[in-house]
Amino acid sequence: MILVTGGAGYIGSHTCVELLNAGKDVVVLDNFSNSSRTSLERVQQICRKRLAVVDGDIRDQTMVEKVLNEFGCTAVIHFAGLKSVFDSVTSPLDYYDNNVIGTHRLLRAMQASHVKRIIFSSSATVYGDPKFLPYTEDHPLKPVNPYGQTKFVVEEMLRDLSASDSTWSIGILRYFNPIGAHESGLIGEDPKGVPNNLLPFVAQVAVGRRDRLNVFGGDYDTPDGTGVRDYIHVVDLAQGHVAALASLEQPACIAVNLGTGRGYSVLEVVKAFENASGKPVPYEIRPRRSGDIASCYAATDRAEKYLGGWRAKRNLETMCKDHWRWQSQNPNGYDG
Ligand code: NAD
Ligand code: UD1
């Protein structure tokens with residue numbers, strides 16, 4: 001039995017699908033602060049299999065221990081947390097509370113229940129400004145915002161834990177830019193309010209919910225002047241977790257990038273999305289967004305080696321097509 005914290009969210013729900021398809025039993029623990037129960041109903045509809053759901057908070061250590069013991073969990077995939085860079089600047093204490101204290105409580109509960117296998121959702125944001133590209137896992141870690149700091153602190157906590165007790169198996173997965181949706185169109189990203197990230201915004205423009213995209217910066221040192229990112233299909237990302245679970249049979253603590261190794265500019269993404277959707281995406285070049293960097297993409301060698309040959313397979317066209325299928329079938333998200 002695998003405990004998936006935050007399993008109702010964007011990446012968690014796609015990972016639940018891949019886990020169930022791989023024959024694993026799953027219990028999701030989520031407080032639904034940024035998700036809908038409908039996502040988990042859809043997961044079960046896609047897989048024609050059941051999963052268990054507990055409505056609770058990872059900071060409730062006693063409850064987490066109870067879940068680990070009652071369900072006989074052998075490993076945890078830990079997605080639960082807050083993820084908006086913008087909100088983390090205005091409400092840093094909420095971010096340290098949820099992401100750092102939350103993970104600490106979870107690890108305490110795991111230790112008490114003798115469950116010592118965990119996969120943690122980290123982010124490429126832990127690298128900070130690039131000293132060189134592509135980012136290898138050995139690139140210096142220097143996050144530049146509170147959200148990134150919380151990911152860095154948790155990574156350090158996990159490394160210290162592993163150094164103190166070598167029986168832990170710890171996979172730290174540093175995601176680049178997950179986009180897209182399950183090919184069924186039944187599950188996908190459903191941000192509350194105005195999306196901060198590029199793809200959800202572009203998709204909402206294409207579906208007519210917003211007038212135009214603001215492109216943040218047209219004067220970067222990139223081929224067309226707009227920011228370059230390593231977009232990865234969320235299903236490839238989810239499959240990376242199943243691969244990591246298999247690698248974690250052996251005790252270790254290792255950080256691995258999950259990206260494609262290739263970057264696309266904002267304008268390339270806009271064009272690909274227009275092609276995939278058949279809809280225009282009007283845009284306007286605006287000033288740079290504070291804290292943004294010109295380019296960001298992953299070195300993928302360690303992932304291929306460590307995750308038993310896993311690599312991202314889906315291209316930008318598929319990412320946009322799948323994202324559009326989800327958006328057009330669910331123009332107002334799960335509860336619209
Ligand atoms: P998401 O917000 O869709 O999912 C997170 C889930 O965790 C939600 O269902 C939310 O309700 C739940 N949750 C939050 N705090 C909780 C708590 N204290 N107790 C129980 N449940 C709680 O986000 P996502 O995009 O699926 O991201 C998952 C993880 O991956 C996060 O840790 C995020 O920081 C990390 N990550 C995401 C991205 C990205 O671009 N989406 C990139 C890098 C890293
Ligand atoms: C952001 C976060 C990062 C997080 C990642 C995935 C910041 C500074 N960084 O990264 O910590 O790990 O999301 O959740 O927020 N863009 C526009 N217009 C928009 C939105 C974005 O032009 O409306 C541009 C950005 O300037 C950037 C690219 O699109 O060049 C991608 O932006 P975004 O999706 O927000 O991801 P990141 O900035 O890479």
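This is a predicted model: local features need pLDDT of at least 70, side-chain atom pairs count only at pLDDT 80 or more; totals for chains, interfaces and linings use all residues.
Residues are numbered from 1 along each chain as its sequence is written, chains are lettered from A and ligands numbered from 1 in the order in which they are written, and side-chain values use heavy atoms, with hydrogens and water left out. Helices (H or I, at least four residues) and strands (E, at least two) are DSSP runs numbered from the N terminus.

For the side chain of Lys-151, the distance from an N or O atom to an oxygen atom of ligand 1 is 2.9 Å. Of the 820 Å² of accessible area that ligand 1 has on its own, the protein covers 95%, with areas computed by the Shrake-Rupley method using a 1.4 Å probe, and with only the protein chains shown counting as cover for residues.

The shell of ligand 2 holds 18 residues, the closest being Leu-198, Asn-214, Arg-229, Arg-289 and Asp-292. An N or O atom in the side chain of Asp-292 is 2.6 Å from an oxygen atom of ligand 2, while polar side-chain atoms of Ser-123 and of Asn-197 each lie 3.0 Å from an oxygen atom of this ligand. The protein covers 88% of the 730 Å² of accessible area that ligand 2 has on its own. Strand S8 (residues 213–216) makes the greatest contribution to this shell, with four residues.

Helix H3 (residues 61–70) has Met-63, Val-64, Val-67 and Leu-68 as its buried residues, where buried means under 20% relative accessible area, exposed over 50%, and partly exposed in between (1.4 Å probe, protein chains only). These residues cover an arc of only 135 degrees around the axis, which puts them on the same side of H3; the arc is that of the directions from the helix axis to the C-beta atoms. Thr-62, Lys-66 and Glu-70 are exposed on the other side of H3. The partners against which the buried residues of H3 pack are strands S1 (2–5), S2 (26–30), S3 (52–55) and S4 (75–78), together with helix H5 (92–112), contact being defined as heavy atoms within 4.5 Å. Just after H3, Gly-72 adopts a positive phi of about 65 degrees.

Asp-57 is placed in the loop between S3 and H3, and its side chain makes a polar contact of 2.7 Å with the side chain of Arg-59. When residues up to four places away in sequence are not counted, Asp-57 touches Leu-29, Asn-31, Met-63 and Val-64.

In helix H8 (residues 234–247), 11 of the 14 residues are buried, so this helix is largely enclosed by the rest of the structure; the buried residues include Val-234, Leu-237, His-241 and Leu-245. At 1.5 Å a residue, the 14 residues of H8 should span 20 Å, which agrees with the 20 Å between its end C-alpha atoms, the expected span being 1.5 Å times one less than the number of residues.

Val-17, in helix H1, counts as buried at 1% relative accessibility. Leaving aside neighbours within four places in sequence, Val-17 is in contact with Val-43, Ile-46, Cys-47, His-182 and Ile-187. Thr-38, in helix H2 (residues 37–47), is buried with a relative accessible area of 17%, and a polar contact of 3.3 Å joins its side chain to that of Asp-335.

Notes. A polar contact is a pair of N or O atoms within 3.5 Å; within protein, one must be able to donate a hydrogen and the other to accept it, and residues adjacent in sequence count only if both atoms are side-chain atoms. A residue is near a molecule or strand if one of its heavy atoms lies within 4 Å of it.
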